[in-house]
Amino acid sequence: MNQMTINHYLTEIKQQSSSIDSELCSLIEMISNSCKIISYLVSRGKISGILDNVNSKNFHGEVQKKLDVMANQILLETNEQLECLAGIASEEMENVYLIPNHYSKGKYLLLFDPLDGSSNINTNSSIGTIFSILSIPHSSSKMLGNAMLTTEKDFLQSGDNQVAAGYAIYGPQSQFVFTVGTGIVIFTLDREVDSWIMTHNEIIIPEDTQEFSINTSNMRHWDDKISSYIRNCIAGETGPFRKNYNMRWIASMVADVHRILMRGGIFLYPWDKRNPNEPGKLRLMYEANPISFIIEQAGENQ
Ligand code: FDP
């Protein structure tokens, strides 16, 4: 069987689309390499001592585990030297990281959640890494010699501007899922050859489904519309939808969304009354935007 690697795939689509350049391809490949290292650490678990808490919280107030910190460092250090990035933003860092002057810079901005679902690390459940890639907006780009300069403001773009997005899922199989706006591809890590191998192409989310995914223990905090929708799902054949539904909640968005990519369903983490001044638990730039791009690309009309 001819095995398609990420490098082969990117080389092919670069020839087909003028909006995909070599820098973007190298960046995606390097992110996939970082995820390979993280996958290895995750799979060794307690043996590599990465499950312990470190004595710090991230700036969202969440207790960090050694693995959160290491995954962040791996993504940062492997990608900063690539010569195609101007800056990096991470859920684990308070400020954006501008590529230091001793490295060459490029036009891309990389945003990531190094370890999504990290409350599950100790339970040996699936967790993941989410990433999003933007370009420095033309209007704001300033040059220093040949290098583009960037500021925090350049990161604050609409999700529609993403040039690529994806995630790695570390489960029974490790998989790397991404889009450059031409559909979804999935690569599975073959540890025997230490390579991501394409296993799924042209993914379309099945239209018909019997599953919804939401943390129903928060129901009392939701607004009326969400509560009523979920009550209708729970009512099954006896309710207005006249259909029985099943509920699944892994508490790791990457794992819940991956299941939906494979067999359909809906995932919700709605705003709730516990933090009325916040728009919701999921972070727009590192979680909601990239996952939305993936889901959009897995729609029927692509
Ligand atoms: P986590 O905090 O463990 O990183 O985005 C955060 C997230 O996980 C999602 O992956 C997951 O769907 C959700 O939070 C789980 O939240 P609850 O524990 O409130 O159910």
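**View 1. The two domains of the predicted model.** In this predicted model, the chain is divided into domain 1, which spans 6-201, and domain 2, which spans 211-298. The C-alpha centres of domain 1 and domain 2 lie 25 Å apart. The contact between them takes 42 residues from domain 1 and 20 residues from domain 2.

**View 2. The ligand between the domains.** Because domain 1 (6-201) and domain 2 (211-298) both give residues to the shell around the ligand, the ligand lies between them. The space that the ligand takes up is the largest pocket.

**View 3. The shell around the ligand.** There are 14 residues around the ligand, and those that come nearest are Asp-116, Asn-215, Met-253, Tyr-269 and Glu-287.

View 4. Asp-116, one of the residues that come nearest to the ligand, places a polar side-chain atom 2.9 Å from an oxygen atom of the ligand. Trp-249 likewise contributes through its side chain, with a polar atom that lies 3.1 Å from an oxygen atom of the ligand. For Met-253, which is also listed among the residues that come nearest, the atom concerned belongs to the backbone, where an N or O atom lies 2.8 Å from an oxygen atom of the ligand. Taken on its own, the ligand has 460 Å² of accessible area, and the protein covers 86% of this area.

Key. Residues are numbered from 1 along each chain as its sequence is written. This is a predicted model: local features need pLDDT of at least 70, side-chain atom pairs count only at pLDDT 80 or more; totals for chains, interfaces and linings use all residues. Side-chain values use heavy atoms; hydrogens and water are left out. A residue is near a molecule or strand if one of its heavy atoms lies within 4 Å of it. A polar contact is a pair of N or O atoms within 3.5 Å; within protein, one must be able to donate a hydrogen and the other to accept it, and residues adjacent in sequence count only if both atoms are side-chain atoms. Accessible areas come from the Shrake-Rupley method with a 1.4 Å probe; for residues, only the protein chains shown count as cover. On a 1 Å grid over the protein atoms alone, a cavity is a set of points where a 1.4 Å probe fits but cannot get out, and a pocket is an open set with protein on both sides within 12 Å along at least five of seven lines; lining residues have an atom within 4 Å of a point. A molecule sits in a cavity or pocket if more than half of its atoms lie within 2 Å of its grid points. Domain bounds come from an automatic or database domain assignment. Contact means heavy atoms within 4.5 Å.
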